[in-house]
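This report looks at one residue and its surroundings, then at the chain as a whole.

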Amino acid sequence: MTPLLRETASQTAGPYVHIGLAPYAAGFDIFATDFGPAIAGPQAHGQRIVNEGLVVDGSGTPVRDVLVEAWQADAQGRYAHPADHQGGKAADPSFRGWGRACSDFETGLWRFETVKPGPVAGRGGATMAPHVNLWFVARGINIGLHTRLYFDDEPAANATDPILNLIEWEVRRKTLIARRGTRDGVPVYRFDVRLQGEDETVFFDA
């Protein structure tokens with residue numbers, strides 16, 4: 001009879017997350033290319049924007065060691081991936097479509113520089129509103145949290161988005177809507193993520 005193996009010990013995500021995934025933010029210059037928060041190159045088509053926000057815990061305190069990854073479509077709604085076969089949408093060579101950012105270790109603010117995504121063709125031909133897919137990990141978050149950022153200046157598209165409409169309560173849908181502002185003439189969309197408590201952000205299964 002084969003003896004049962006003991007369960008491997010586990011621990012919460014610690015500082016090694018930044019050292020291994022975003023070493024420059026942790027003060028280590030060890031990779032030739034550091035994957036950063038610039039999702040779209042200078043020549044990318046579309047409206048330049050900034051997405052930024054905080055991750056707030058149940059006590060209302062900003063989490064200051066967050067690592068965030070973002071995936072999004074380009075300005076015409078095409079992903080920078082060979083599996084995207086949407087007809088009539090040519091790839092934008094200056095658009096990377098993916099980024100990684102660390103929150104500021106003092107303020108907790110994270111940010112991405114990108115272009116506003118276009119609507120994407122979803123399953124069954126349904127059109128998804130412009131959105132950004134986000135993944136968060138930090139100390140105390142054992143399993144990465146997946147959510148979406150939608151834009152408050154796209155009310156008509158948001159109203160028919162098939163994913164938003166899976167959320168039964170409208171008040172819960174509002175936790176996925178980023179608020180538009182302006183800084184130095186550039187649109188800035190604020191998206192604060194609340195881990196617990198009142199106005200807890202909607203998270204999705206991977």
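## Position of His131

His131 lies in strand S8, which covers residues 131–138. Helices (H or I, at least four residues) and strands (E, at least two) are DSSP runs, numbered from the N terminus. The model is predicted, so local features need pLDDT of at least 70 and side-chain atom pairs count only at pLDDT 80 or more, while totals for chains, interfaces and linings use all residues. Residues are numbered from 1 along each chain as its sequence is written, and side-chain values use heavy atoms, with hydrogens and water left out.

## Burial and contacts

His131 has a relative accessible area of 2% and is therefore buried (under 20% relative accessible area; exposed is over 50%, partly exposed in between; 1.4 Å probe, protein chains only). Leaving aside residues up to four places away in sequence, His131 touches Gln72, Tyr79, Pro117, Arg148, Leu149, Tyr150 and Phe151; a contact means heavy atoms within 4.5 Å.

The side chains of His131 and Tyr79 are joined by a polar contact of 3.5 Å. A polar contact is a pair of N or O atoms within 3.5 Å; within protein, one must be able to donate a hydrogen and the other to accept it, and residues adjacent in sequence count only if both atoms are side-chain atoms. A polar atom of the His131 side chain also lies 2.8 Å from the backbone oxygen of Ala129.

## The whole protein

The protein has three helices and 12 strands. Of its 206 residues, 41% count as buried. Among contacts with a separation of 6 or more, 68% are between residues 24 or more positions apart.
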